[in-house]
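Work through the exercises below with the sequence and the model open. Try each task before reading its solution.

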Amino acid sequence: MTEARLPRLAVLIDADNASARIVDGLFDEIAKIGEASVRRIYGDFSSGRSKGWADQLSKHAIIPHQQFAYTTGKNASDITLVIDAMDLLHTGRFDGFCLVSSDSDFTRLAARIREQGVDVFGFGEQKTPESFRQACRRFVYTENLLPGASTNDDDGEAKTKPLQPPGRATPIIRKIIQQIETEDGWVPLGQVGNQLSNQSSDFDPRTYGFRKLSDLIRKTNAFEIDVPQGKAMRIRIKPAARKSSNAKGR
């Protein structure tokens with residue numbers, strides 16, 4: 001009996017728009033998705049901006065593609081990355097692509113790959129334009145991949161300051177619950193998580209200081225929580241919030 005193979009991924013890194021400080025967290029995150037079969041990075045490694053990657057290449061078996069900046073204002077690295085991505089896509093050997101950049105220029109590339117029925121996972125800073133974030137099946141903020149960014153205390157809360165306060169997640173989660181119709185308002189937490197992933201490619205509990213969605217929901221104090229014996233957690237909007245929402249709707 002053969003062991004099921006992990007999804008085969010092509011990891012393409014834009015060195016001009018990604019910090020080498022994320023590299024350990026990046027490949028840990030990618031390992032949760034599948035196997036990084038191709039690992040390539042594009043940039044001018046003779047410049048100070050990309051030199052930080054040089055020490056990481058052999059450690060993570062990343063193949064560098066040197067692109068000298070012959071002409072100011074022209075990004076040969078982006079063009080080469082796109083050409084390679086399309087070549088790899090047409091081989092039909094990959095289940096997904098990991099595009100590591102904060103550059104909106106890769107929006108069309110991500111959309112084109114997904115048109116082919118292949119998943120795209122984006123990795124970039126919080127400043128990444130929404131167009132690129134939403135073009136990906138899932139988008140991870142690289143700030144959450146920095147050393148210590150997601151270290152938690154005993155309560156599951158991050159020790160470092162989160163990118164967003166937990167309360168910012170409340171309206172997003174509430175909207176998802178309202179979209180899932182149930183008689184009593186209770187919704188399985190797993191279903192909420194799936195809907196969040198489908199509708200908000202960049203939603204991540206770590207952005208709000210928590211590793212797990214359940215811990216984030218507890219912290220918001222905006223939802224009722226029920227854990228039936230032997231069953232998974234379920235949640236619903238607190239009665240006061242439901243009445244307020246209904247009143248606004250009228």
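**Exercise 1: the largest pocket**

The largest pocket is lined by 14 residues, and Arg 138, Gly 193, Leu 196, Ser 197 and Phe 203 lie nearest its centre. This is a predicted model: local features need pLDDT of at least 70, side-chain atom pairs count only at pLDDT 80 or more, and totals for chains, interfaces and linings use all residues. Residues are numbered from 1 along each chain as its sequence is written, and side-chain values use heavy atoms, with hydrogens and water left out.

Task: find which helix gives the most to the lining of the largest pocket.

Solution. 
- Step 1. On a 1 Å grid over the protein atoms alone, a pocket is an open set of points where a 1.4 Å probe fits, with protein on both sides within 12 Å along at least five of seven lines; lining residues have an atom within 4 Å of a point.
- Step 2. Find the helix. Helix α6 (residues 189–199) gives the most, with 4 residues. Helices (H or I, at least four residues) and strands (E, at least two) are DSSP runs, numbered from the N terminus.
- Step 3. Sort the lining by class. It has 4 nonpolar, 5 polar and 5 charged residues.

**Exercise 2: the largest nonpolar core**

Solution. 
- Step 1. Define the core: buried (under 20% relative accessible area, 1.4 Å probe, protein chains only) Ala, Val, Leu, Ile, Met, Phe, Trp, Tyr and Cys residues joined through side-chain atoms within 4.5 Å.
- Step 2. Of its 24 residues, Ile 13, Leu 26, Phe 27, Ile 30, Trp 53 and Phe 123 touch the most other members.
- Step 3. List the elements giving two or more residues: β1 (8–14), α1 (23–33), β2 (35–43), β4 (96–100) and β5 (119–124).
- Step 4. Follow Phe 27. Beyond its neighbours within four places in sequence, Phe 27 is in contact (heavy atoms within 4.5 Å) with Val 11, Ile 13, Ala 36, Arg 39, His 60 and Ile 62.

Methods:
Buried means under 20% relative accessible area, exposed over 50%, partly exposed in between (1.4 Å probe, protein chains only). Ala, Val, Leu, Ile, Met, Phe, Trp, Tyr, Cys and Pro count as nonpolar, Asp, Glu, Lys and Arg as charged, and the others, Gly among them, as polar.
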